[in-house]
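Subject: Structure for you to look at

Hello,

Here is the structure I promised to pass on. Please open it first, then read my notes below.

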Amino acid sequence: MFRRYFLPRFIQYLVVLIVGMNMIFFIPRLMPSDPIESRLSQMTAQGQYLDPAAMEGLRESLAELYGLEGSMFEQYAAYWKRLFSGDLGPSFSQFPTPVVELLKSSLPWTVGLLTVNLLLSWIIGTILGAVTAFYPDSKLTKVIEILAMGIRPIPYYIMALALVILFAFVFPIFPMAGGYSMGTKIGFNSRFILDLLRHAFLPLMSLVILGIGGWFLQMRNVASNIVEEGYVEYAEASGLSKTKIILHYIIPNAIMPQLTGLAINIGFIFGGALITEIVFSYPGIGSLLYNAIIAEDYNLIMGINIFSIVAVSTAMFIVDMIYPLLDPRIRYQ
Amino acid sequence: MVRAIKDLFRHDKKFRFGFSIMVFFIIISFVSLFSPYDLSTWNVVPRDLSPSLKYPLGTNSMGQDIFWKATAAVKNSLLLGLIAALVSRIIAIILGLLAGYMGGTVDRVIMTITDSFIIIPLFPLLILVSSILRASLDIFVLGIILGLFGWANDARLLRSQILSIREREFTKTAVLSGMKPTRIIIKEHLPHIIPLIMATVINNIVWVIGMEVTLSVLGLSSLNTPTIGTMIYWAQQYQAVFLEMWHWILTPIVICVVLIISLYFISTSISTYLDPRTRVRMIKGE
């Protein structure tokens, strides 16, 4: 069990981390444009005058900040040393706050939003899939199917923008942006929680609408094969109520691929819903990244990259370790 | 190939819908070549006009004709999709075939790297890349970059397909009859994977178009090239929603949604067609 299941997965986990960290290290260095020079030319373009000596000093301190001093090999060693000590350096735009601090304060927002989204869309999609598979000829099934197929490929950004236009501008029911109203005290009271929910509603909607489609289609595919099985026909013939058949015969037999998908997606929660957060200025990791792009905060962009790779692959690894407990086929192997 | 399209067109409503719209968009792309204005310069027509006979979709606050800009946007976005799909297909096909045919250590190494690409969140990485390149990100560079990021899932898919046809009867017949391996791959196996590759091409284009919109909206592409994404970017910059200039903001959004849905419909009907069980059901007239 250990050698056949856990060890290969652990090796895979390490490989993912190594590949990911190397990509983050090498991509900026293989680019034709030099971040230091582009930063400097930006400063001079903004009209700041720098004499050559100051320019040289600035170049050096930028090189140190970016981790770009010394030979490629020295940089590489320093990079790994920094990774192991968990030090992602300071943010430039909010100097000297460490990148790690910024990540810590935005993480709860992202994780909260995405966890609720994942559970909601998973439950709704799974139930819809099972029910429509049981009634394949109903008009409603056809409508749901067309909706699911039509909505699924729409890019997140477009969906979010459409919802903002519709429910925050044309019908101003929900706030346009933010995680909570300005001036509201953060605390555990009903006013704050209500405010929180009101702000989370649209971002959540945009994610859930797009999320349901995938879960629905997968569940429907599996469940429509189950419906044709003998034991379902037998249950129908013996006069069991339809709800009972769906709950006790169809869902349990079609749920395994759904559970696998759920497990995989738990990992991606830590990757963040960047676009959704950006459109709604939701104060999570996505917004942090967006502000980093605007401010050209190179260190913060790198930090978010490193964080999301480590977090997603670690979460996946943990899920992989727990998963055999759920799936009897792997447990008995 | 032609027969498959004819079959699909006759029997599958979704395909008919998607295919007709795609033909329409392709015609639109060619129409853009006859634009009376230079589409990357500003103030060539009066600003802020509502749709009229002379300006079918009105003009925007930058003094550009929205109709002609939209035609160029469709052309550029489709072109971008094709470039990216081409690059990523080349990588996916080479790696998928290598892993599938060589097996053993080669297979294991390639698949471990592929799996890493599947797990690693690529979107922040893409943002890192494009925030460094920013201004030099024209259609070709962006296409190549998106191509370098979008191959992993399909390499895995192709490999599994190769593994299954390699074990089939006709391969053994070909081997026993003394056919050379390269000839078997080209003559016997390639025809089996080409339809699958076509379906992945379309899915990839859908992904690329969505990605372009996302990156452009963040301001991370060459913003004077008209694409669906940059059209939305400029409309947002000028607060088209607050000015209630719906003809400006909704044009790219509607184009994007219709384009993506029709591509998605084409790809799902190709996959249904590839599966012999569902193909029979489809042609029987469901």
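A term to start with: buried means under 20% relative accessible area, exposed means over 50%, and partly exposed lies in between (1.4 Å probe, protein chains only). This is a predicted model, so local features need pLDDT of at least 70 and side-chain atom pairs count only at pLDDT 80 or more, while totals for chains, interfaces and linings use all residues. Residues are numbered from 1 along each chain as its sequence is written, chains are lettered from A and ligands numbered from 1 in the order in which they are written, and side-chain values use heavy atoms, with hydrogens and water left out.

Chain B overall

Chain B has 12 helices and zero strands. Helices (H or I, at least four residues) and strands (E, at least two) are DSSP runs, numbered from the N terminus. Of the 286 residues in chain B, 53% are buried. The C-alpha atoms of chain B fill a box of roughly 75 × 50 × 30 Å along the principal axes. Take the contacts in chain B between residues at least 6 apart in sequence: 68% of them join residues at least 24 apart. Contact here means heavy atoms within 4.5 Å. The accessible surface of chain B is about 13,200 Å², and 67% of that belongs to carbon and sulfur atoms. Such areas come from the Shrake-Rupley method with a 1.4 Å probe; for residues, only the protein chains shown count as cover.

Salt bridges

A salt bridge is a side-chain nitrogen of Lys or Arg within 4 Å of a carboxyl oxygen of Asp or Glu. Over all chains the count is five. One of them joins the side chains of B:D107 and B:R159 (2.7 Å, N to O). B:D107 sits in helix 4 (residues 104-119) and B:R159 in helix 7, so this pair ties together parts of chain B that are 52 residues apart in sequence. Both B:D107 and B:R159 are buried. B:R159 has a relative accessibility of 16%. Leaving out residues up to four places away in sequence, B:R159 touches B:G96, B:A99, B:G100, B:D107 and B:M111.

B:D115 and B:R156 also meet in a salt bridge (2.9 Å, N to O). B:D115 is in helix 4 of chain B and B:R156 in helix 7, so the pair links parts 41 residues apart in sequence. B:R156 is partly exposed, at 30% relative accessible area.

B:E167 and B:R166 form another (3.9 Å, N to O). B:E167 is partly exposed at 49%. B:R166 is partly exposed at 29%.

Where the parts meet

Chain A is divided into domain 1 (2-85) and domain 2 (100-332). The bounds come from an automatic or database domain assignment. In chain A, 19 residues of domain 1 are in contact with 17 residues of domain 2. These two domains of chain A bury about 1,600 Å² between them, 71% of it on carbon and sulfur atoms. The salt bridge count between them is zero.

Regards

Notes: Buried area = accessible area lost by both parts, 1.4 Å probe.
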